[in-house]
Amino acid sequence: MNRRTQTAIAAAIAAALSLGLAACGNKDKDDTSGGDSAATSTTGPGAENGTIAGGTPVKGGTLTVLTNQDFAHLDPARNWTLPQMDFGTRLIYRTLVTFKAEPGAAGSEIVPDLATDVGRPSDGGKTWAFTLKDGLKYEDGTPIKSSDIKYNVERSFSPDLTGGPDYAVQYLAGGENYKGPLTGEHLPSIETPDDKTIIFHLKRPVAEFSYTATLPTFAPVPPAQEKGTQYDTRPFSSGPYKIESYDRGKQLVLVRNTNWEAGTDTVRKAYPDKIVVTQGLKGGQVDDRIIASDGADASSIEMPWMRPESVPKVLPKPDVKARMVAERTGCTDNLYMNTAKAPFDDPKVREAVMYAVDKEAQVTAWGGPALAEVATSYLPPSLTGGEKADPLKIPATGNPEKAKELLKAAGKTDLKVSITVSLGDKTRGEAIQQSLSKVGIQVTVNTVDPSAFTDTLGDTKSAPELTINGWCPDYPSGATFLPFIFDGRTIKEKGNQGNYSQFRDQATMDEMDRIAALTDVNEANKAWKKLDEDLMTKSFPAVPLMWQRRALLIGTNVAGAFGNSGYAGMIDMATIGLKDPSKSQG
């Protein structure tokens, strides 16, 4: 399908769905839902308008999840990618604090989960205390203790348990040389004076620490269940479901955790009796099956999201279009250039690539303007007050002539490089290949299975010269964005996550530290925006490509579906269920 046809179809979908401009984390967006809650608003597909798809679920039945990939990590110390975070924290384990299970802007607001409140700061924000609720139990009926949460936070420091969030490592006092609890050592900056109290002592004031406690790092893991890297395959449940079986790459089956008490949980509804994740499906097979909704597929949802080529299969069918959820993500997709390797150790070469890339081709490859828009800065509009920063003013289709001039000035012509992308992004990798070929850079496209993609990029010694990946804010602050993708101190030899450019610049790190110490949130936001502009115009560590929407399909028997902005527009697994459980299979 040529670009003109694809763009026209996508534009028509955009008009039909009336997608708004509010982004992840924008709590000031006008409420267009008429005050309806997630449980009662059923006027149409949830697309930034406070509605849900499918109506209110009925308890019971089997929900099927169809996917082309296995989970990268389910261990809460290692789980830091979507949709795995949504799946893990909504179904298998609970955290101290969590996001509301509501559509629209409310989804990025936080509420207590295991804790009785969202945390109590003291010492100017350097100390945070949480108290656990009564009646919290694991799947075997044993009580959840504050020391179990401490233990999992400590596990996040373990060099063998790679891939997880770095907030604890960055924030907790005395953690610089700590290597986790597997050696028998514990971190003094986390206190558990009794079974229900946990106190965190930070290196510096962190006004947003409550939001940090939504991450899987702050889920409990009892030391007796420790299995090292094998914990990935069988995390011990503190949530409404437990793992019955897991055949990696083929099928994961969740059944009810009968020791989960709904009275302690205001967020998770746990409608289905069973959740079956069918893995290893090919290409557009997932979309096609849910569009058809035959048999068990009528009670199915997809993971991670709809493929761009399925757009024209959805538009002409109003009944299918009504089953599509499309929430803006608040994420930025970047083309990362490995600054630790030639030729991208030269800023002039990186600047040339910034001008060479055709971003419109990226949007087209993703399905057109209904599913994405051209990104003109690293920070998404959700973190810049709704504004779309554009310091370089490069045309959406690029400026090849300017790129050629920069390469000539750098004395770098006829370059040969490779790009490694996830299997589903092969078309986007080929679009980069075409863009760079116009300025004399030959690109070889390599693809990796999605389940191994993050680990492949995380090995810094063999990391590719170019790659496409996205970054989503863990909560609405620039502090959750730029430091994780451009702070050289976050780079790990194994399990590197976020800073795929391997960008190290002392002036940038010094400015990040200065901003982090600011106590005025508005001043900090302005400073993050200025740093974003400086990186875009002086250092060029990556090319911002596009800001996505998550387009997800549900079967005809699925209810309670909406994209949660707290999870970058993924379907909120806390409230999903079925219209008629008797029609489900499995």
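1. First, a working term: on a 1 Å grid over the protein atoms alone, a pocket is an open set of points with protein on both sides within 12 Å along at least five of seven lines, a cavity is a set where a 1.4 Å probe fits but cannot get out, and lining residues have an atom within 4 Å of a point. You're looking at a predicted model, where local features need pLDDT of at least 70, side-chain atom pairs count only at pLDDT 80 or more, and totals for chains, interfaces and linings use all residues. Residues are numbered from 1 along each chain as its sequence is written, and side-chain values use heavy atoms, with hydrogens and water left out.

2. On to the second largest pocket. Its space comes to about 830 Å³; a volume here is the space filled by probe spheres set on the grid points, which are joined across faces, edges and corners. The lining runs to 28 residues, with Asp166, Val169, Gln170, Arg489 and Thr490 nearest the centre. H4 and H15 each put in at least two lining residues (helices are DSSP runs of H or I, at least four residues, strands are E runs of at least two, and both are numbered from the N terminus). By class, the lining splits into twelve nonpolar, six polar and ten charged residues.

3. The aromatics deserve a look. There are 23 aromatic pairs in the structure, where rings of Phe, Tyr and Trp (its six-membered ring) pair if their centres lie within 6.5 Å, with planes under 30 degrees apart called stacked, over 60 edge-to-face and the rest tilted. Take tryptophan 80 and tyrosine 167: they sit edge-to-face, 6.3 Å centre to centre, with 70° between the planes. This pair links distant parts of the chain, 87 residues apart, with tryptophan 80 in the loop between strand S1 (62–67) and helix H2 (84–92) and tyrosine 167 in helix H4 (residues 167–171). Tryptophan 80 is buried at 8% relative accessible area, and tyrosine 167 is buried at 1% (buried is under 20%, exposed over 50%, partly exposed in between, with a 1.4 Å probe and protein chains only).

4. Now for a second pair. Tryptophan 471 and phenylalanine 484 count as stacked because their ring centres are 5.8 Å apart and their planes are at 15°. Tryptophan 471 belongs to strand S17 (residues 466–471) and phenylalanine 484 to helix H14, 13 residues apart. Tryptophan 471 is buried at 7% relative accessible area, and phenylalanine 484 is buried at 1%. One aromatic cluster includes Trp80, Tyr167, Trp471 and Phe484.

5. Phenylalanine 484 also touches asparagine 499, whose other contacts include Ile485, Asp487 and Thr490, leaving out residues up to four places away in sequence (contact is heavy atoms within 4.5 Å). Asparagine 499 is in the loop between helix H14 (482–486) and helix H15 (506–516), yet counts as buried because its relative accessibility is 0%.

6. Which residues have the most contacts inside the largest nonpolar core? They are Phe87, Leu96, Phe130, Phe200, Leu335 and Leu482, in a core of 128 residues. Another core of 19 residues lies apart from it, with Val320, Trp366, Ala551 and Leu553 among its members. A nonpolar core is a set of buried Ala, Val, Leu, Ile, Met, Phe, Trp, Tyr and Cys residues joined through side-chain atoms within 4.5 Å.

7. Some backbone spots to check by eye. Most residues other than glycine have a negative phi, and most peptide bonds are trans. Here, leucine 82 and proline 83 are joined by a cis peptide bond with omega about 10°, and methionine 303 and proline 304 by another with omega about 5°. Aspartate 123 has a positive phi of about 55° and is exposed at 53% relative accessibility. Phenylalanine 540 has a positive phi near 55° too, but is buried at 4% relative accessible area.

Notes:
Ala, Val, Leu, Ile, Met, Phe, Trp, Tyr, Cys and Pro count as nonpolar, Asp, Glu, Lys and Arg as charged, and the others, Gly among them, as polar.
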